[in-house]
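Student: I am new to this structure. Can you walk me through it?
Tutor: Gladly. Let us look at it together.

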Amino acid sequence: MPTFRNPNTNHIVVVNNRKVFWGAFLLGPIFFFLIGDFSHGLTNLVLTALLWVVFLGWIVWIRYAFEAPSIVRDKWISRGYIEE
């Protein structure tokens, strides 16, 4: 499990990649809205809505589920946390 530390406040965040994967897989865009990543949540929602017209929206959710751990990692790094 990756651990991130804020060098200014020593706040530590532990990310469970399995929970991130299953959260993105089961909740889709709602998961990204809940973690505060609105750009990925909106992108996931729009792509899913467009592809459900031809019954392929599930492809977006599966793809995002596999990418979710790296998306969450990048989120913490962009906020100034250091991966330990």
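Student: Which pattern does the chain follow, read along the sequence?
Tutor: Keep in mind that this is a predicted model. The chain has four helices and three strands. Read along the sequence, the pattern is β-β-α-α-α-α-β.

Student: What does the C-alpha trace span along its principal axes?
Tutor: The chain holds 84 residues, and buried ones make up 33% of them. Along the principal axes, the C-alpha trace spans about 50 × 20 × 15 Å.

Student: What share of the contacts with a separation of 6 or more comes from residues 24 or more positions apart?
Tutor: Take the contacts in the chain with a separation of 6 or more. Among these, the share from residues 24 or more positions apart is 52%.

Student: In what order do the strands of the sheet lie?
Tutor: The sheet is open and has three strands, paired antiparallel. S2 and strand S3 (82-83) each have a single partner strand, so one side of each is left without a neighbour in the sheet. Those two stand at the edges. The order is S2-S1-S3.

Student: Which residue in S2 is the bridge partner of Thr 3?
Tutor: S1 and S2 run antiparallel and are joined by three bridges. For Thr 3, the partner in S2 is Val 14.

Student: What phi does Asn 10 have?
Tutor: Asn 10 sits in the loop between S1 and S2. The cut-off for exposed is over 50%, and Asn 10 has 51% relative accessibility, so it counts as exposed. Most residues other than glycine have a negative phi. Asn 10 is not a glycine, yet its phi is positive, at about 60°.

Student: Where is the other loop residue with a positive phi, Phe 55?
Tutor: Phe 55 is not a glycine, and its phi is about 60°. Its relative accessible area is 62%, so Phe 55 is exposed. Its place is the loop between H3 and H4.

Student: Which element gives the most residues to the largest nonpolar core?
Tutor: That core has 16 residues, and Val 15, Val 20, Ala 24, Phe 32 and Trp 76 touch the most other members. Helix H1 (17-27), helix H2 (29-34) and helix H4 (57-78) each give two or more residues. With seven residues, the top giver is H4.

Student: Which residues does Val 20 contact, leaving aside neighbours within four places in sequence?
Tutor: Val 20 is among the core members that touch the most others. Leaving those sequence neighbours aside, its contacts are Val 15, Phe 31, Ala 68, Pro 69 and Val 72.

Student: Is Lys 19 buried or exposed?
Tutor: Lys 19 is in helix H1. Its C-alpha atom is 10.0 Å from that of Ala 68, 49 residues away along the chain. The relative accessible area of Lys 19 is 61%, and the cut-off is over 50%. Therefore Lys 19 is exposed.

Student: How far apart are the C-alpha atoms of Pro 29 and Gly 41?
Tutor: Pro 29 is in helix H2. At 7% relative accessibility, Pro 29 counts as buried. Beyond its sequence neighbours within four places, Pro 29 contacts Gly 41, Asn 44, Leu 45 and Trp 61. Pro 29 and Gly 41 are twelve residues apart along the chain, and their C-alpha atoms are separated by 4.4 Å.

Student: How far apart are the end C-alpha atoms of H4?
Tutor: H4 has 22 residues. At 1.5 Å a residue, H4 should span 32 Å. The distance found agrees with that: 29 Å.

Student: Where does H4 bend?
Tutor: The bend is about 50°. A proline, Pro 69, follows within four residues. The bend is at Glu 67.

Student: Which elements do the buried residues of H4 pack against?
Tutor: Those buried residues include Val 60, Tyr 64, Ile 71 and Trp 76. H4 also lies across S1, S2 and S3, at about 15° to S1. The packing partners of its buried residues are strand S1 (3-5), strand S2 (12-14), H1, H2 and helix H3 (38-52).

Student: Which residue takes a positive phi just after H4?
Tutor: The phi there is about 95°. The residue is Gly 80.

How values were computed: Residues are numbered from 1 along each chain as its sequence is written. This is a predicted model: local features need pLDDT of at least 70, side-chain atom pairs count only at pLDDT 80 or more; totals for chains, interfaces and linings use all residues. Side-chain values use heavy atoms; hydrogens and water are left out. A nonpolar core is a set of buried Ala, Val, Leu, Ile, Met, Phe, Trp, Tyr and Cys residues joined through side-chain atoms within 4.5 Å. Buried means under 20% relative accessible area, exposed over 50%, partly exposed in between (1.4 Å probe, protein chains only). Contact means heavy atoms within 4.5 Å. The expected span of a helix is 1.5 Å times one less than its number of residues. The bend at a residue is the angle between axes fitted to the seven residues ending there and the seven starting there. Two strands pair if DSSP finds at least two bridges between them. Axes are lines fitted to C-alpha atoms, for helices over the stretch in contact, and angles run from 0 to 180 degrees between N-to-C directions.
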